[in-house]
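Have a look at the picture, then go through the points in order.

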Amino acid sequence: MSDMDSAPLTDRRMIKGDAIFKGVILALAGSILLILLIMMFEMVKESLPAIKKFGGRFLLGREWDAVQGEFGALDFLYGSVVSAVLAILLATPLSVGAALFITDIAPRKVGNVIAPIIELLAAIPSVIYGLWGVLVMAPWLQQSVQPWLIEHFGFLPFFQGAPYGVSMMAAVFILMIMIIPIITSITKEVLLAVPVSQKEAAYALGATRWEMVRMALIPYARSGVLGAVILGLGRAIGETMAVTMVIGNTPQISLSLLAPAYTMPSVIANEFAETTSKLHASALMEVGLILLVVTLIINIMARLLIWSVTRGDTGARA
Amino acid sequence: MNSKLKLEKLNIHFGATHAVKDVSLEFPANTVTAIIGPSGCGKSTVLRSINRMHDLTPSARVTGRILLDEADIYDRKVDPVAVRRRIGMVFQKANPFPAMSIYDNVISGYKLNGRVKKAEMDEIVESSLRRVALWDEVKERLKSSAMALSGGQQQRLCIARTVAVQPEVILMDEPCSALDPIATLKIEELIAELKEQYTVVIVTHNMQQAARVSDCTAFLYLGELIEFDVTKKIFTNPTKSQTEDYITGRFG
């Protein structure tokens, strides 16, 4: 072999290319972080007038009066948290049930048809959910469901007042329907990842299908299922359009699910275009800031929760 | 010899594949029977048909009869769940439930019977763990995760979990293939003790192990039963030349 055949040990062209590539990637990655930081900074800056004027009163205050210049966000905070939490409570068992049905109960062919249909639901724009909610679901709630609840369970504080249709209940149902596909499809993937050996262990002990689910599937998959629920909660608390269309947009705190309510994203969407003063705009910005912080808190709590339930079972991910 | 378990003309298909062909075998009560053969010969497939694990595989089709105390476990009226409570199984890779403690793992199968008193559970857990010689190693940490145990301990835990259900037959699918020699020795000693109470069927690719632990040995090749006899005879004076070739290491 002659020396002519061997490649030179340094290739200036390649070294230069790598440096350019590295620079471009670094800039792209850095810009994401930068955008986030600028956004946070702007939100805090824009909220400052409201923060200075109201302080803690903003979080606990219930007055929202653009004319008088008095702003308190508690009603919106309540509406957001309650609607999202109730939606999650309803959606979780339904979604886990649907995922179990697809992965372990239905014949594979049936599951293969149902799964993409459920996932398709996640692709529907939220304004369509809202439109359906306000034109179809809300009237149905008003005429059938809510009167029945008032008649039979009216003694409970949750079902008191007049049936309006648009209400906290409508928002909860719409959110539930919207987050079911997310929780279902993630839970499905998590369940499919449970090793066959775990299922066989339960079956070999004489477990029925349901006992196998309880003994082997759910405990093994629980951290993943929790993760799915958290994602659903994140979506529910930030959902704007559909909720705005069905919740009734009335700032109030009522135990009754039949009463209208208001959420943080809804008030921002409804009022931002027609702010009457600098302070009003600033108050809306602060609502946005609170929404961001609430979302962060939920995510952190969720991570702690997942960490605490999975501590010890190192095999779960092995 | 009265046979606890009898396979009659067992045939198993997976889709178009004919994996097990006309296998007939008898397993006497309180003995250890080894099923040996090269990889892919259908030995695990036969074993898994004995507690109806193939019910979980949609493409699998089992024909023929498997008699447990003269009753066909593939009879239309038989509930596979009930079969599996009488015929327990230990798998190739130890598969304790990772989210459960040692204690909960042992009692998990027994608890399926319904509500059990705490004192009764304590007793079952202790006796099952003693049965597999694990009690002294874990009695101080019954509430800790099963995943903290070594591979050999985990496999003995799985045997304890199977024993706790009080089955009549225990099937073992290469139970030592993932274990080191010392852990293997412990399991082999355990198998010898288990046969006092149970009928044991063990699939193994380790011929020395078959020779050490079993009373009878079945040799399977390409889905067919080539030879079935007392272990001593199979390993010293096999009738068929294929058996001799396999145990002397000429193929497989």
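1. Is B:Asp136 buried or exposed? B:Asp136 counts as exposed, because its relative accessibility is 57%. The cut-offs here are under 20% relative accessible area for buried, over 50% for exposed and partly exposed in between, with a 1.4 Å probe and protein chains only.

2. Some ground rules before we go on. This is a predicted model, where local features need pLDDT of at least 70, side-chain atom pairs count only at pLDDT 80 or more, and totals for chains, interfaces and linings use all residues. Residues are numbered from 1 along each chain as its sequence is written, chains are lettered from A and ligands numbered from 1 in the order in which they are written, and side-chain values use heavy atoms, leaving out hydrogens and water.

3. Back to B:Asp136, whose side chain meets that of B:Lys139 in a salt bridge, 3.4 Å from N to O. To count as a salt bridge, a side-chain nitrogen of Lys or Arg has to be within 4 Å of a carboxyl oxygen of Asp or Glu. B:Lys139 is partly exposed, at 36% relative accessible area. Over all chains, this rule gives 21 salt bridges.

4. Now try B:Arg156 and B:Glu137, which form a salt bridge at 3.1 Å, N to O. This pair links distant parts of the chain, 19 residues apart: B:Arg156 sits in helix 6 (residues 151-164) of chain B and B:Glu137 in helix 5 (residues 135-138) of chain B. Helices here are DSSP runs of H or I with at least four residues, strands are runs of E with at least two, and both are numbered from the N terminus. B:Arg156 is buried, with a relative accessible area of 6%, while B:Glu137 is partly exposed at 30%.

5. B:Asp215 and B:Lys195 make a salt bridge too, with their closest N and O atoms 2.9 Å apart. They are 20 residues apart in the chain, with B:Asp215 in the loop between helix 8 (207-213) and strand 9 (216-221) of chain B, and B:Lys195 in the loop between helix 7 (181-194) and strand 8 (199-203) of chain B. B:Asp215 is partly exposed at 24% relative accessibility, and B:Lys195 is partly exposed at 24%. Elsewhere, salt bridges with shared partners join B:Lys4, B:Asp69, B:Arg86 and B:Glu168 into one network.

6. What about the two chains together? The contact (heavy atoms within 4.5 Å) takes 22 residues from chain A and 25 residues from chain B. About 1800 Å² is buried between chain A and chain B, with carbon and sulfur atoms giving 68% of that. Buried area is the accessible area (1.4 Å probe) that two parts lose on being put together, summed over both. There is one salt bridge between chain A and chain B, and B:Arg48 and A:Glu200 make it, at 2.4 Å from N to O.

7. Last, look inside chain A, where the domain assignment (automatic or from a database) gives domain 1 (11-55) and domain 2 (58-317). Their C-alpha centres lie 31 Å apart. The two domains of chain A bury about 1000 Å² between them, 73% of it on carbon and sulfur atoms. On the domain 1 side, A:Met43, A:Ala50 and A:Phe54 lose the most area to domain 2, together 48% of what that side buries.
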